[in-house]
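Reader: Hey, I'm new to this one. Can you walk me through a few spots?

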Amino acid sequence: MPSLLVDDIGELVTNVAGRGEGGPLGIRRRAAVLVEDGEVAWVGPAADAPPADRRIDAAGAAVLPGFVDSHAHLVFAGDRAAEFAARMTGEPYTGGGIRTTVGATRAASDGELRATVRRLRAEALRQGTTTIEIKSGYGLTVADEARSLRIAAEVTGETTFLGAHVVPAEYADRPDEYVSLVCGPMLAAARPYARWIDVFCERGAFDADHARAILTCGQAVGLDVRVHANQLGHGPGVRLGVELGAASVDHCTHLTDADVDALASTRFDCMCHEGGHTTTVATLLPGAEFSTRSPYPDARRLLDAGVTVALATDCNPGSSYTSSMPFCIALAVREMGMTPAEAVWAATAGGARALRRDDIGVLRPGARADLIILDAPSHLHLAYRPGVPLVRQVLHNGVPR
């Protein structure tokens, strides 16, 4: 693969703290990035840039690591626009619409599901998302969960088995039987296509005992843990995730002091540029609060407690039908108490931490060459100019897209 130099970068966000101007974004001015064989080979001043086979002139614009969307539900069929319209007139969100999507997804062909996944993946890539996690959870049968993950695995290595999304209608009066199905045949069928296991631990979905049983079964076959937690109200999800060593607990809208303390207790110091972080990340999904007119998570409370925070889209047809990480950054700054720098870090390096990856979300030698060139001079414009398509160009694995 020919080498590539991204040159004349006005502001380079590396997420390597202690470099350039310092701070969590590790900003460098008048910089360049050399890409070789899909990886970052060199980062430094533009005046010292080495020769390369090809050159992209950033023309003084800002360059960032590609966004890392660590929570998305792209394998589905059907449309829930009417449900959205009802919420906009005051109907509360309860999560019940998930079963509507389950019916449509079961009835869809592989080709229809594949087309939706690829359309949304391409949509996200155009907006700068170079890594995306995709969950199952709209099939809820052995065959449908396996095919959902098989289709998801065609576009990402970050696939999550979410057979425990809700209890499907046919098991409404037999939740224990459904948990046994998830832990047994469904998990066995999903395992070849999944890296992660997740449970919607929430009222109306799965209680702590059922969630623990499912997650520990997943761990026993080598899947790592994520948890949907504390979206609709206070509950045991966050502390269960910490107990099981989850990489991420997601939503975190309703937290007690004990929940925050539990997340903060997973913090450890490391010999990395950032100094330390929590092993269980709080992944916040402001698109869901926007779409359901619910209270936003208090990111400031988590950050001040030392908790590592990630941002993700929660892209799904019911409660957050957006694939735009820039939109989530703007919401986090406007509604959740985050600074622009904190929100950009959470959407890049934070998402990487939520996936327990150190090769993405940063721009340093050896990292994957995923980067975006903005049509703007600074990362600040992602929150400063909400709704504007600021991503001028995307490099994914070192290849311009």
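This is a predicted model: local features need pLDDT of at least 70, side-chain atom pairs count only at pLDDT 80 or more; totals for chains, interfaces and linings use all residues.

Reader: Is T141 buried or exposed, or partly exposed?

Author: T141 counts as partly exposed, because its relative accessibility is 23% and buried would mean under 20%.

Reader: And what is T141 in contact with, leaving aside its neighbours within four places in sequence?

Author: Those contacts are R106 and M186.

Reader: OK, switching to helices. Which residues of α1 are buried?

Author: E83, A86 and R87 are buried in α1, which spans residues 81–88. Seen down the helix axis, they fall within an arc of 100°, so they line one face of α1.

Reader: What covers them?

Author: The cover includes α9 (286–292). Also, α1 is followed by G90, which has a positive phi, near 115°.

Reader: How do α11 and α12 cross?

Author: The axes of α11 (residues 325–335) and α12 (residues 340–354) come within 9 Å and cross at roughly 140°. The two helices are therefore oblique to each other, and the crossing is right-handed.

Reader: Which residues make that contact?

Author: From α11 there are M325, I329, A332 and V333, and from α12 there are P340, A343, V344 and A347.

Reader: How many of those are nonpolar, polar or charged?

Author: The contact has 8 nonpolar residues, no polar ones and no charged ones.

Technical notes. Residues are numbered from 1 along each chain as its sequence is written. Side-chain values use heavy atoms; hydrogens and water are left out. Buried means under 20% relative accessible area, exposed over 50%, partly exposed in between (1.4 Å probe, protein chains only). Helices (H or I, at least four residues) and strands (E, at least two) are DSSP runs, numbered from the N terminus. The arc is that of the directions from the helix axis to the C-beta atoms. Contact means heavy atoms within 4.5 Å. Axes are lines fitted to C-alpha atoms, for helices over the stretch in contact, and angles run from 0 to 180 degrees between N-to-C directions. Angles under 35 degrees count as roughly parallel, over 145 as roughly antiparallel, 65 to 115 as roughly perpendicular and the rest as oblique. A crossing is left-handed if the near helix is turned anticlockwise from the far one by less than a right angle, and right-handed if clockwise. Ala, Val, Leu, Ile, Met, Phe, Trp, Tyr, Cys and Pro count as nonpolar, Asp, Glu, Lys and Arg as charged, and the others, Gly among them, as polar.
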